[in-house]
Amino acid sequence: FEVANHILGWVQELDEQLARELRHIIAETERTKSCHPYVVRAESGLGKSILLGKTVAELIHIRHRESEESIWPRFEKIIFSQLKDSSNRINLESAICEGLDLANRCQDFDSETFECENDDPHIVIIDSLDEHPNRAEWWGVSKKLHEKGWHVLWACRDPDWNHHKLGYAES
C-alpha cells in the first residue's frame, strides 16, 4: 500500500476513476456505435504500467465472479499487449499481436484471438503506444478493433503524445 501512495501521485482512487471511465466508454460506444478508445497518459516512470496491471487484475477478478457487484465493468475477453516485447517495428497491428502472451499471440486481428462470439464487451489493453515508431496508426488500429467488437485501452507517455501530436490522429 505504501508503494501505491507514490505512483502517479496516487490520486485518491485513481483505479476507481479508470473503472468509471471504462463503464462510461462502454455506454457511449453502445449509444453512438462509434469508436471510443481510452488513453492513460502520464510522464515516464509515474506508474502507467502498474495502473494497467492493476486494471487487468481487477477485470479478470470480476470476470470470474458472476454474482459479485463491482465498480469495474465486466468484459467477456480481456487481453493485454506489451509493445516493448515486440520486434515488429513496421506495423502497429502486428506489433500488438506479437506483444500478446504466448497463448494469444497471433499474426493480425483476423486471427481467432480477436474473434468475438457474442455482443458482450471485450477489451484489449496496450502498453505502451510510445514504444512503437508507427504510433500514429493508433486511431486506425483502434477503429479496426472497434469494428471487430473490442474496446481499447492504451497507455502513452505524455511527452510522446504531445510531441507526435497523437491527439490529432483521429481527425
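User: How much space lies in the second largest pocket, and how is a pocket found?

Analyst: Rolling a probe the size of a water molecule over the atoms shows where empty space is left. On a 1 Å grid over the protein atoms alone, a cavity is a set of points where a 1.4 Å probe fits but cannot get out, and a pocket is an open set with protein on both sides within 12 Å along at least five of seven lines; lining residues have an atom within 4 Å of a point. Grid points are joined across faces, edges and corners, and a volume is the space filled by probe spheres set on the points. Here, the second largest pocket holds about 200 Å³.

User: What kind of model is this, and which values count?

Analyst: The model is predicted: local features need pLDDT of at least 70, side-chain atom pairs count only at pLDDT 80 or more, and totals for chains, interfaces and linings use all residues. Residues are numbered from 1 along each chain as its sequence is written, and side-chain values use heavy atoms, with hydrogens and water left out.

User: Which residues lie nearest the centre of the second largest pocket?

Analyst: Gly45, Lys48, Ser49, Asp127 and Ser128 do, out of 14 lining residues. Helix α2 (residues 48-63) gives the most to this lining, with three residues. Helices (H or I, at least four residues) and strands (E, at least two) are DSSP runs, numbered from the N terminus.

User: How does the lining of the second largest pocket divide by residue type?

Analyst: Start with the classes. Ala, Val, Leu, Ile, Met, Phe, Trp, Tyr, Cys and Pro count as nonpolar, Asp, Glu, Lys and Arg as charged, and the others, Gly among them, as polar. The lining of the second largest pocket has two nonpolar, six polar and six charged residues.

User: Which peptide bond is cis?

Analyst: Look at omega. The bond from aspartate 127 to serine 128 is cis, with omega near 5°. Serine 128 sits in the loop between β3 (122-127) and α4 (138-147). Both Asp127 and Ser128 are among the residues nearest the centre of the second largest pocket.

User: Now the largest pocket. How much space lies in it, and which residues lie nearest its centre?

Analyst: Its space is about 300 Å³. The lining of the largest pocket counts 15 residues, and Thr29, Glu30, Asp119, Gly149 and His151 lie nearest the centre. By type, this lining has four nonpolar, six polar and five charged residues.

User: Which elements each supply at least two residues of the lining of the largest pocket?

Analyst: α1 (14-32) and β4 (150-157) do. The largest share, three residues, comes from α1.

User: Where does glycine 149 lie, and what does it touch?

Analyst: Glycine 149 is in the loop between α4 and β4. Contact means heavy atoms within 4.5 Å. Leaving out residues up to four places away in sequence, glycine 149 touches Cys116 and His122. For accessibility, buried means under 20% relative accessible area, exposed over 50%, partly exposed in between (1.4 Å probe, protein chains only). Glycine 149 is partly exposed, at 35% relative accessibility.

User: Which residues have a positive phi although they are not glycines?

Analyst: Lysine 33 has a phi of about 60°. Lysine 33 lies in the loop between α1 and β1 (38-42) and is exposed, with a relative accessible area of 63%. Lysine 165 has a positive phi of about 50°. Lysine 165 comes in the segment after α5 (158-163) and is exposed too, at 54%.

User: What pattern does the chain follow?

Analyst: Along the sequence the pattern is α-β-α-β-α-β-α-β-α. That makes five helices and four strands.

User: What does the radius of gyration say about the chain?

Analyst: The radius of gyration is taken over C-alpha atoms; the globule rule is 2.2 Å times the number of residues to the power 0.38. With 171 residues, a compact globule would come near 16 Å; the chain has 15 Å, which agrees. The C-alpha trace spans about 40 × 40 × 35 Å along its principal axes.

User: What share of the residues is buried, and what share of contacts joins residues at least 24 apart?

Analyst: Buried residues make up 45% of the 171. Among contacts between residues at least 6 apart in sequence, 69% join residues at least 24 apart.
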